[in-house]
Amino acid sequence: MNRRRFMTAALALGATGLAGEGARLTRPAIVEADDALTTGSSKYSTPGLRLTPFEDVTHYNNFYEFGVSKGDPAQNAWRLQTRPWSVKIEGEVKKERIFDIDALLKLRPMEQRVYQFRCVEAWSMVIPWAGYSLSELINECEPLPSAKFIQFISLDDPKDELLPWNAGISWPYVEGLRMDEAMHPLTLLAFGMYGQEMPKQDGAPVRVAVPWKYGFKSAKSIVKIRFVKDQPATTWNKIAPDEYGFYSNVNPNRPHPRWSQKTERVIGAPIWKQLQPTLMFNGYGDQVAYLYNGMDLIRNY
Ligand code: MTE
């Protein structure tokens, strides 16, 4: 790997930086080609956040295909074969297509974006992602006017990759967004983090990151993107519809039926800074609240 290039990328993460944050610089820079990595901070990056240590982001995971404990994905995700990899675009589009992962990596310049990430389980992290807006890919796919929603389909290859259990989930993991949510520039198609290729346990080689929604909306290791007319099925909504709604916007005013959403535990923070109030839309209200004008966000949780 080109270490200098990685360091340039890391420096672009800004004052919060990586030094002393426990980052392990072990993975390749996510893009090797000269013209493919934009090191400048994206205008969509969130300033002033303290990065979660890389060690925590990669060892405290939810990736049920590789186990149900937080440490399981780090141990088991080596099974995931990320090459060859392609993403099929299907459904309400002018023409169905298959993108090889290397073509997707080069489709648009990579941007470094620091986002606050809030899990429905009331913990949070701050992650420097690398990717570009999902809207860039959507525009390339020429969806039909009938495409009102988009569904993400994660890997499903029980033969070699998934552990031989289903954790009560019927694979593949599926998630979805309304079309205007998917087109919002903050919705990121992410290929890496901390300037490196996406670690397998975090959803390599490509996932989404939707910062104003609970983390489960951000599907990992995506193999298909389907444009659909109607609100698509989503994994956690199928399992417990009264607990996990389709929208799942971060909302401190709508408690989960089994716990409050008013505060969150900041993973990796010193003990005296571990609890912080949860913000409406995870702090991204100025950018996204208009998407929900006139909607009852308690009913549409
Ligand atoms: N995507 C797939 N395919 N499988 C999963 O189990 N878990 C979701 C989401 N995407 C999940 C998934 C949940 S519950 C969360 S909180 C985030 O991924 C966790 O992402 P992280 O482990 O990178 O922090």
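This is a predicted model: local features need pLDDT of at least 70, side-chain atom pairs count only at pLDDT 80 or more; totals for chains, interfaces and linings use all residues.
The pLDDT is the predictor's confidence in each residue, on a scale from 0 to 100. Residues are numbered from 1 along each chain as its sequence is written.

For the protein as a whole, the mean pLDDT is 87, and 84% of the residues reach 70 or more. Over residues 1-25, however, the pLDDT stays under 50, and the model gives this stretch 42 contacts beyond four places in sequence; two residues are in contact if their C-beta atoms, placed from the backbone, lie within 7 Å. Residues 31-40 also have a pLDDT below 50, with 20 contacts in the model beyond near neighbours in sequence.

Turning to the overall fold, the protein has eight helices and 13 strands. Of the contacts between residues at least 6 apart in sequence, 72% join residues at least 24 apart. Buried residues account for 42% of the 301 residues, where buried stands for 20 or more other C-beta atoms within 10 Å of the residue's own, with C-beta atoms placed from the backbone.

Strand E4 spans residues 110-119 and has nine of its 10 residues buried, while in E5 10 of the 11 residues are buried. E4 and E5, the latter covering residues 123-133, pair in the antiparallel sense over nine bridges; strands count as paired if DSSP finds at least two bridges between them. Within this pairing, Arg113 stands opposite Trp129, and Phe117 has Met125 as its bridge partner. The two strands form a hairpin with three residues between them, and Ala122 in the turn has a positive phi of about 70°.

Five bridges join E5 to E8 in an antiparallel arrangement, with Ala130 opposite Gly192. Strand E12 (residues 263-266) runs parallel to E5 and is joined to it by two bridges; here Ser124 stands opposite Val266.

Next comes helix H5, residues 134-141, in which Leu134, Ile138 and Cys141 are buried. These residues lie on the same side of H5, because they cover an arc of only 60° around the axis, the arc being that of the directions from the helix axis to the C-beta atoms. Their cover includes E5, strands E2 (86-91), E3 (97-100), E8 (188-193) and E10 (207-209), and helix H6 (179-183). Just after H5, Glu142 takes a positive phi of about 50°.

Finally, there is the ligand. It is surrounded by 16 residues, the closest being Asn61, Ser154, Tyr173, Gly215 and Phe216; a residue is near a molecule if its C-beta atom, placed from the backbone, lies within 6 Å of it. The shell consists of six nonpolar, seven polar and three charged residues. In this grouping, Ala, Val, Leu, Ile, Met, Phe, Trp, Tyr, Cys and Pro count as nonpolar, Asp, Glu, Lys and Arg as charged, and the others, Gly among them, as polar.

Note on methods:
A residue is buried if 20 or more other C-beta atoms lie within 10 Å of its own, exposed if 12 or fewer, and partly exposed in between; C-beta atoms are placed from the backbone. Helices (H or I, at least four residues) and strands (E, at least two) are DSSP runs, numbered from the N terminus.
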